[in-house]
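Open your viewer and get ready to click along. We will stop at a few places and see what is there.

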Amino acid sequence: MKTMRLDKYLSLTGKATRSETAKAVRGGEVLVGGIPAKRADMQIDPDTAEVIFRGERVTYRQFIYILMHKPDGVVSATEDGREQTVVDLLPDDLLRIRPAIFPCGRLDKHTTGLMLLTNNGELSHRLLAPARHVDKTYAFSVKFPLSDEDEAVLESGVDIGGYVTAPCRVERDADAEGSCRSGRITLHEGKYHQIKLMMEARHNQITRLERLTFGPLTLDPALAPGEWRWLTPDEVRALETAGE
């Protein structure tokens, strides 16, 4: 059975530094199994221990997996000197977790929708590696109607400045007049500004872009822009399989 020091446990979960843990233990503010902890360096089983820190139950996770509804105007980064980042939308205790949480992949500043945040660098690398890029579906709107020819060319691959995109899937939506200015596009790769450049190659312009899926994950309709939730155990297992 693996064990861990209590102060390390609280540090990894972002609840307290080691010095803060020592102070809280001296004040009787840390309970382990319902009993006040006597030492900050006591050994506990991180998977089964019931730890209460200053009246709040603490949950240990080896890795963090968060599904966020990224809002418009927020950048996909851990920090930025001028712009608000997706990590800034998380509560302070999660920002203290180590390893630190980061966005898995990027969405443009004005692209909204599903964003995965994690601190599992190995899994993130597998999900984003060129040989293993998982499918991603986006809802889009464009300035001009997409024709049958546009759809066929986009699906077969277009030159976006010296690089020909891989085949993808495009599903157009027709409005009341039969024009197709919106739809969904599913990619198996993720070049910088790829969808924007693909539409520009067809002399069109993206006016709205929202990521709906990332591998096995789907944007949760219950999440308003800027909100987030933990991944369910089933979602975590599906994500780990997608990265194999």
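## A charge over a ring

Select Lys191 and Tyr163 to begin: the charged end of Lys191 sits over the Tyr163 ring, 4.7 Å from its centre (NZ of Lys or CZ of Arg within 6 Å of the ring centre and within 35 degrees of the ring normal). This is a predicted model, where local features need pLDDT of at least 70 and side-chain atom pairs count only at pLDDT 80 or more, while totals for chains, interfaces and linings use all residues. Residues are numbered from 1 along each chain as its sequence is written, and side-chain values use heavy atoms, leaving out hydrogens and water.

## Arg61 and two tryptophans

Now pick Trp230: Arg61 lies over its face, 3.8 Å from the ring centre. Trp228 is partly exposed at 24% relative accessibility, and Trp230 is partly exposed at 28% (buried is under 20% relative accessible area, exposed over 50%, partly exposed in between, with a 1.4 Å probe and protein chains only).

## His188

Next, select His188, in the loop between strand 12 (182–187) and helix 6 (194–201) (DSSP runs: H or I of at least four residues for helices, E of at least two for strands, numbered from the N terminus). Which side chain does His188 join in a polar contact? That of Asp135, at 2.9 Å (N or O atoms within 3.5 Å, one able to donate a hydrogen and the other to accept it).
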